[in-house]
Amino acid sequence: MTDRRSFITAIAALSAGATLGSAAEAPPPASPASDAWLDQLKGKHRQLFDAPDPDGGTILRHVRNYLDGWRDDYGVPERDVSVIVTLYARTTPLGLQDSMWVKYQLGGTANLNLTDPTTNAPLARNWFAHPKPGDAVADGTAESSIESLRRRGVVFALCNNALKRWSGRLEKQGLGTAAEIHADLTAHALPEVVIVPDVLIAMTKAHERGFASVRS
């Protein structure tokens with residue numbers, strides 16, 4: 001009986017030690033992502049533009065017309081209008097600086113396949129952010145650009161999951177490891193964009209805060 005009690009006590013001690021060891025080795029829970037950028041959008045009129053396809057910058061023209069319509073036709077100031085534009089899938093590069101377009105040849109990728117008419121070479125700059133006169137993007141004016149629309153209060157939400165997927169594709173082209181490329185892309189996002197963990201979750205959270213949604 002004594003031996004049996006000793007055996008059971010030893011097993012219990014081992015089990016407790018294993019449990020404590022597992023708890024000690026478990027990684028700490030991740031800190032929740034911040035929604036501060038979303039909570040700052042207080043406009044009475046709230047619209048999210050879901051934009052997975054660049055389509056020649058059509059989304060930029062639509063957003064400009066949306067803001068102009070509220071101002072010119074309804075007399076609503078821009079402070080009362082909150083707009084979010086999602087950047088993911090094929091629009092992911094729209095949220096990156098020119099240096100990334102050059103380094104990773106983003107304009108020439110199969111996902112974009114854009115040609116600079118001034119050089120007849122793959123586009124090596126982000127003309128969606130800051131177009132030059134005559135660029136074949138949006139309506140061909142600087143007013144329909146990411147830079148100009150950001151000054152009017154538009155928030156561009158760039159999906160981090162999409163950045164990871166693009167990093168994986170670029171790795172397959174021999175341009176570095178996916179981890180290195182992802183770090184590079186996130187470090188060189190446009191100052192006008194907010195990087196969000198997952199754009200679909202961002203869309204849900206926007207809807208929960210009263211944003212209407214339209215694909216553009």
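**Exercise 1. Which exposed residues sit on the face of α8 turned away from its buried side, and which residues of α8 are buried?**

Solution. We're working with a predicted model here.

- Step 1: Leu200 and Glu208 are the exposed residues on the face of α8 turned away from its buried side. Exposed here takes a relative accessible area over 50%.
- Step 2: now go for the residues under 20%. In α8 these are Val199, Ala202, Met203 and Ala206.
- Step 3: check how they're arranged. Looking down the axis of α8, the buried residues fall within an arc of 100 degrees, so they line one face of the helix.
- Step 4: recall some helix geometry. With 3.6 residues a turn in an α-helix, residues three or four places apart point the same way.

**Exercise 2. Find what the buried residues of α8 pack against.**

Solution. 

- Step 1: look for a helix partner. α2 is one of the elements that the buried residues of α8 pack against.

**Exercise 3. Work out what lines the largest pocket, and which helix gives the most to its lining.**

Solution. 

- Step 1: get the volume. The largest pocket holds about 160 Å³ of space.
- Step 2: list the lining. You'll find Ala33, Ser34, Asp35, Trp37, Leu38, Val196, Pro197, Asp198, Ile201, Ala202 and Lys205 around the largest pocket.
- Step 3: assign helices. Both α2 (36–39) and α8 (199–208) supply at least two residues each, and α8 gives the most, with three.
- Step 4: link back to Exercise 1. Ala202 is in this lining and is also among the buried residues of α8.
- Step 5: sort by class. The pocket lining has seven nonpolar, one polar and three charged residues.

**Exercise 4. How many cavities of 30 Å³ or more does the structure hold, and what lines the largest cavity?**

Solution. 

- Step 1: count. There's one cavity of 30 Å³ or more, and the largest cavity contains about 30 Å³ of space.
- Step 2: name the lining. Thr92, Pro93, Leu96, Leu106, Leu163, Trp166, Leu170 and Leu185 surround the largest cavity.
- Step 3: find the main contributor. Helix α6 (residues 160–172) has the largest share of that lining, three residues.
- Step 4: sort by class. The cavity lining comes out as seven nonpolar, one polar and no charged residues.

Key. Residues numbered from 1 in each chain as written. Predicted model: local features only at pLDDT ≥ 70, side-chain atom pairs only at ≥ 80, totals over all residues. Heavy atoms only, no water. 1 Å grid on protein atoms, 1.4 Å probe; cavity = no way out; pocket = protein on both sides within 12 Å on 5 of 7 lines; lining within 4 Å. Points joined across faces, edges and corners; volume = space filled by probe spheres on them. Helix = DSSP H or I, 4+ residues; strand = E, 2+ residues; numbered from the N terminus. Nonpolar A, V, L, I, M, F, W, Y, C, P; charged D, E, K, R; others polar. Buried < 20%, exposed > 50% of the residue type's maximum accessible area, 1.4 Å probe, protein only. Arc of directions from axis to C-beta. Contact = heavy atoms within 4.5 Å.
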